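Here's a quick walk through what packs against what in this model. Have the sequence and the 3D view open as you read.

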Amino acid sequence: MTETEKTLETHTVMTEKELATIGGGVVAYIKTLTSDEASRMFPAIEGLPQGINLFSLHAADGTPLALTDTRQAAIGHALDDDLQIASLH
């Protein structure tokens with residue numbers, strides 16, 4: 001088995017409902033948000049610049065965990081919290 005085949009074999013596609021049942025502080029996902037969406041999702045954060053995209057880290061059940069200005073920062077936050085990042089399609 002090639003390295004590519006091994007990598008593909010370890011990445012399982014799942015529905016959002018299946019992902020939510022994993023939960024337990026183990027799996028998270030990253031979502032791209034407009035600044036307006038981020039303001040609604042994170043009302044405690046004031047003064048977000050308008051017209052930019054932000055990145056939110058969510059627990060498997062959809063609970064927002066963090067808001068960042070780069071995808072790399074969201075990934076770093078997940079790794080710092082020992083969370084596995086799932087891809088949603």
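## Ser-35 and the cores

Leaving out residues up to four places away in sequence, Ser-35 touches Leu-48, Pro-49, Gln-50, Gly-51, Ile-52 and Leu-54, where contact means heavy atoms within 4.5 Å. This is a predicted model, so local features need pLDDT of at least 70 and side-chain atom pairs count only at pLDDT 80 or more, while totals for chains, interfaces and linings use all residues. Residues are numbered from 1 along each chain as its sequence is written, and side-chain values use heavy atoms, with hydrogens and water left out.

Ser-35 sits in helix H3 (residues 35–41); helices (H or I, at least four residues) and strands (E, at least two) are DSSP runs, numbered from the N terminus. A polar atom of the Ser-35 side chain lies 3.1 Å from the backbone nitrogen of Gly-51.

Buried means under 20% relative accessible area, exposed over 50%, partly exposed in between (1.4 Å probe, protein chains only). Two buried residues compare like this:

| Residue | Relative accessible area |
|---|---|
| Ser-35 | 2% |
| Ala-86 | 19% |

Ala-86 is in the segment after strand E4 (84–85). Its C-alpha is 8.5 Å from that of Ala-60, 26 residues away in sequence. Ala-28 contacts both Ala-60 and Ala-86, among others.

Now the nonpolar cores: sets of buried Ala, Val, Leu, Ile, Met, Phe, Trp, Tyr and Cys residues joined through side-chain atoms within 4.5 Å. The largest has eight residues, including Ala-28, Phe-55 and Leu-83. Strand E1 (27–34), strand E2 (53–59) and helix H4 (71–80) each supply at least two of its residues. A second, separate core of five residues includes Ala-38, Phe-42, Leu-48 and Leu-54.

Conventions:
A polar contact is a pair of N or O atoms within 3.5 Å; within protein, one must be able to donate a hydrogen and the other to accept it, and residues adjacent in sequence count only if both atoms are side-chain atoms.
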